Amino acid sequence: MHAFDVLGDPVRRRILELLAENELRSGEIVEVIHAEFGISQAGVSQHLKVLRDAGFATSRVDGARRIYRLEPAPLQQVDDWLSRFKGFWTHKLEALATEVARGKKERGE
């Protein structure tokens, strides 16, 4: 599955956001996703399987629990693909930074 196919699903993107903060037990992920999307434990498990199979996440067994962790390599591939488009917004962000700095200077900050 292509990285953008994986990232195209809002549930999987949310799971990745959660894993970007910390390793989580599958039960913790299920709690958040169920609360936000109304998806069952089985549904969340399917999304976690897609993330594992695509290399976005890994899991390890800790007793009766499964702990999930984000794997950054596929995200680097996405960033590499996006890099060819960064020229469209980089100069605008630099101009914004200049204006913010100018405003701070005028205010004496």
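Predicted model: local features only at pLDDT ≥ 70, side-chain atom pairs only at ≥ 80, totals over all residues.
Student: Fine. What covers the buried residues of α3?

Tutor: The cover includes the helices α2 and α4, along with β3 and β1, the strand at 24–25.

Student: And which residues of α3 are buried?

Tutor: In α3 those are Ile29, Val30 and Ile33. Their arc around the axis is only 100°, which puts them on the same side of α3. Here's the general idea: an α-helix has 3.6 residues a turn, so residues three or four places apart point the same way. Back in our case, the face of α3 turned away from the buried side carries Glu31 and Ala35, which are exposed.

Student: Let me zoom in on one residue. Is Ile29 buried or exposed?

Tutor: With a relative accessible area of 0%, Ile29 counts as buried, because the cut-off for that is under 20%. Ile29 sits in helix α3.

Student: Which residues does Ile29 touch?

Tutor: Leaving out residues up to four places away in sequence, Ile29 touches Ile15, Leu19, Leu24, Val44, Leu48 and Tyr68. For a sense of scale, take Ile29 and Gly87: their C-alpha atoms are 36 Å apart, and 58 residues separate them in sequence.

Student: Now helix pairs. How is the packing of two helices described?

Tutor: You give the angle between the two axes and the distance between them. Here, the axes of α2 and α3 come within 11 Å and cross at roughly 135°. That makes α2 oblique to α3. The crossing of α2 past α3 is right-handed. The α2 side of the contact consists of Pro10, Val11, Arg14, Ile15, Leu18 and Leu19, while α3 brings Ile29, Val32, Ile33, Glu36 and Phe37.

Student: At what angle do α3 and α4 pack?

Tutor: About 115°, with the axes 10 Å apart. That makes α3 roughly perpendicular to α4. This crossing is right-handed. From α3, Ser26, Ile29, Val30 and Ile33 meet Gln41, Val44 and Leu48 of α4.

Student: So let me try the length check on α4 myself. How far apart are the end C-alpha atoms of α4?

Tutor: They're 18 Å apart, and 1.5 Å a residue over the 13 residues of 41–53 should also give 18 Å, so α4 passes.

Student: Which residues of α4 are buried?

Tutor: Gly43, Val44, His47, Leu48 and Leu51. They cover an arc of only 140° around the axis, which puts them on the same side of α4. Gln46 and Asp53, on the other side of α4, are exposed.

How values were computed:
Residues numbered from 1 in each chain as written. Heavy atoms only, no water. Helix = DSSP H or I, 4+ residues; strand = E, 2+ residues; numbered from the N terminus. Expected span 1.5 Å × (residues − 1). Buried < 20%, exposed > 50% of the residue type's maximum accessible area, 1.4 Å probe, protein only. Arc of directions from axis to C-beta. Axes fitted to C-alpha atoms, helices over the stretch in contact; angles between N-to-C directions. Parallel < 35°, antiparallel > 145°, perpendicular 65-115°, else oblique. Left-handed = near helix turned anticlockwise from the far one by under 90°. Contact = heavy atoms within 4.5 Å.
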